[in-house]
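User: Can you walk me through this one? I'd like the overall picture, then some details.

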Amino acid sequence: MSRTPNYEFQEWWNMQREKNQVLFSNEASPNGFLTVQIGSTVPDRTAEKDRARSARQLSWLWLLKFQQLASSLAWITSSSILLLRTANRRIASPDSPSDSSASRLYRIIKFFLVLVILLLCVELLAYFKGWHFSPPSAESAEMAVELVYAKWLQIRAGYLAPPLQTLINVCIVLFLIQSVDRVVLMLGCFWIKLRRLKPSAPLEYPEGPVEGENLEDYPMVLVQIPMCNEREVYQQSIAVVCILDWPKERMLVQVLDDSDELDVQLLIKAEVQKWQQRGIHIVYRHRLIRTGYKAGNLKSAMSCDYVKDYEFVAIFDADFQPAPEFLKKTIPYFKGNDDIALVQARWAFVNKDENLLTRLQNINLSFHFEVEQQVNGVFINFFGFNGTAGVWRIKALEECGGWLERTTVEDMDIAVRAHLCGWKFIYLNDVKCICELPESYEAYKKQQHRWHSGPMQLFQLCFFDILRSKVSLPKKANLIFLFFLLRKLILPFYSFTLFCIILPLTMFLPEAQLPTWVVCYIPGFMSVLNILPAPRSFPFIVPYLLFENTMSVTKFNAMISGLFRFGSSYEWIVTKKLGRSSEADLVAYEEESDGLVESTALPRSSSESGLEELSKLEFSKKTSKAKRNRLYRKELGLAFILLTASVRSLLSAQGIHFYFLLFQGISFLIVGLDLIGEQVS
């Protein structure tokens, strides 16, 4: 008998299935039967425990992550504080408390940086509001912010842009005048090369030993080596001078030591005694009262009684290495030319390929010697004495007043006074004297500060002397307008003002326009001209252009310091030297002197062994010092200003201005972080 289907059970089944309280598994068992699992409504204690355990684990996980985040924040905070403290220690402060010009300039740069950041925030707001494309007016402004921006546009166009445009026009005129001066100098250099113009000597000295010749043909020459704490280079500087190819009876070497370190004094004195016992006429002088820096040192040496027996004086700084035939190539130009006061040789650099900084310096100095000195020497017989690698007629030094201690550019001072007295100069481009370039930015910066502050002091001191002098009017105009104003004052002024101040401002005051040819084309063309005397440096033309603009802040600060006679303009800081003369060179000097030792019956100095031990000790002390970078705040401030302005130019789609500001800002940043050149201890 068939059973009636149970419809009530079917309905209950469907209801439970929908409520998920009863679960059926439709999977067939291995035996072919249908397996049914009926879930109980009683809570599962194990599941609740698992859920509770999962919640606790999740809480601990978040707590662990929070702890890791807190420790990371603490590490970032402590690292930032340490970084700021380190930066504060390494920030290059002014060289002296009296250097008020540097602190004033830094405060101006900081104010300018805050200003451009605020202006950038305003321009970003305007950009996202769409006001760059449809500027609002005061009448149609609906919001207070829109009204403020409309008023700012009116003030910008009516009151700020016109004076800025006037300053732009003035700087452009100065820029063009200076560019014309550079072009004229280059044309003069091309003319010299084309016509093969160069000074001619009335006689030539034969090469080789001079013992068998008439010694009266060789005038008495005094050779001076001024030095101050020159631990690294004193040996090579004394050695190269002592082996000069000149009769030793007709030459006296003065080692003018202004060192204030006792161990360095002992080293130099022992070196002098060694060469004395080899038969060289050499004396050691040390001043007890060290006033006047290098000028005072030279002035003291010239006051010796025996100086009256000498006709010429050759001067070599401690890092200079003249060739043995230096005197034979320079002294002949004085013969028969009684109006010649100075014969200047060209500098050559033993470390010009050491790093990027030395390569860029080589470009600058190659133009100075190949173009400026040579053109001025050929056409007007006047140029600035370079302070070393030159031979002076002692009569000319005495006639124009001798060495004066009134400025830090005693070489330029004596040259200007000799020129006003009617003396003439000769520059020899083919006679080279090897020397060192500063390899660290710190040393180079101090050197450039002295070179650009001293001329402004000198200009104020000798301005009326130039007007009262008996030289011709064109020579007076050349001294005042070209030698001093254009090349010593106008050049650093417009370089800093135009490219570091005005150009960033024009990004925020677009009503004032700086033409593209001023930013890109003319500077590029002038850089090509400047690099022609050093053709191997053409791959560095872009870094050279950027670095010259970067150095404008140092030169401008130095120019202002000298113009207003701030304290730092009267300080002399000896340029750090590393002694790049190779061991092979020193061995060669010793071999050259062996003949002198054999020709005399005098024994070698008994102090040589002690000298070697002392040298080793000092070398180990020197090499044990740690090296680190410094941070230069003015350069860093200008880097952020230029990078901020580059962001603003990007909003206006100004291509050339953007790339110039970007790369110039990166250049300032690299220099400000002391990432160019060697680190210093």
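Predicted model: local features only at pLDDT ≥ 70, side-chain atom pairs only at ≥ 80, totals over all residues.

User: What about contacts in the protein with a separation of 6 or more?

Analyst: Of those, 80% are between residues 24 or more positions apart.

User: And the accessible surface, how much belongs to carbon and sulfur atoms?

Analyst: They hold 60% of a total of about 34800 Å².

User: Which residues make a nonpolar surface patch?

Analyst: Tyr-659, Phe-663, Ile-666, Ile-670, Leu-673 and Leu-675 make one of about 550 Å². Leu-673 sits in the segment after H19. That residue counts as partly exposed because its relative accessibility is 31%.

User: Where does Asp-674 lie, and is it buried or exposed?

Analyst: Asp-674 is also placed in the segment after helix H19 (655–672). It is buried, with 3% relative accessibility. Its phi is positive, near 60 degrees, and the residue is not a glycine.

User: Which other residue has phi near 60 degrees?

Analyst: Ala-389 does, again a positive value in a non-glycine residue. Ala-389 is in the loop between helix H9 (356–379) and strand E8 (390–393). At 0% relative accessibility, this alanine counts as buried.

User: Where is the kink in H14?

Analyst: At Ile-522, shortly before the proline Pro-523. The kink is about 25 degrees.

User: Which residues of H14 are buried, and what covers them?

Analyst: The buried ones are Val-518, Val-519, Pro-523, Met-526, Ser-527, Leu-529, Asn-530 and Ile-531. Their cover includes helix H4 (144–195), H9, helix H13 (473–508), helix H15 (541–563) and H19.

User: Why does Ser-527 count as buried?

Analyst: Its relative accessible area is 4%, and the cut-off for buried is under 20%. Beyond its neighbours within four places in sequence, Ser-527 contacts Ile-541, Tyr-544 and Leu-545.

User: OK, salt bridges. How many are there?

Analyst: The count is 24. One of them joins the side chains of Asp-339 and Lys-424, at 3.5 Å from N to O. The pair links distant parts of the chain, 85 residues apart. Asp-339 is in the loop between helix H8 (326–330) and strand E7 (340–349), and Lys-424 is in strand E9 (residues 424–435).

User: Are Asp-339 and Lys-424 buried or partly exposed?

Analyst: Asp-339 is partly exposed at 32% relative accessibility. Lys-424 is partly exposed too, at 33%.

User: Which residues are linked in a network of salt bridges?

Analyst: Glu-123, Arg-156, Glu-511 and Arg-648 are linked that way.

Notes: Residues numbered from 1 in each chain as written. Heavy atoms only, no water. Helix = DSSP H or I, 4+ residues; strand = E, 2+ residues; numbered from the N terminus. Buried < 20%, exposed > 50% of the residue type's maximum accessible area, 1.4 Å probe, protein only. Bend = angle between axes of the 7 residues up to and from the residue. Contact = heavy atoms within 4.5 Å. Areas by Shrake-Rupley, 256 points an atom, 1.4 Å probe, with all protein chains shown as cover. Patch = residues over 30% accessible without salt bridge, like charges linked within 9 Å, V, L, I, M, F, W, Y side chains within 5 Å. Salt bridge = Lys/Arg side-chain N within 4 Å of Asp/Glu carboxyl O.
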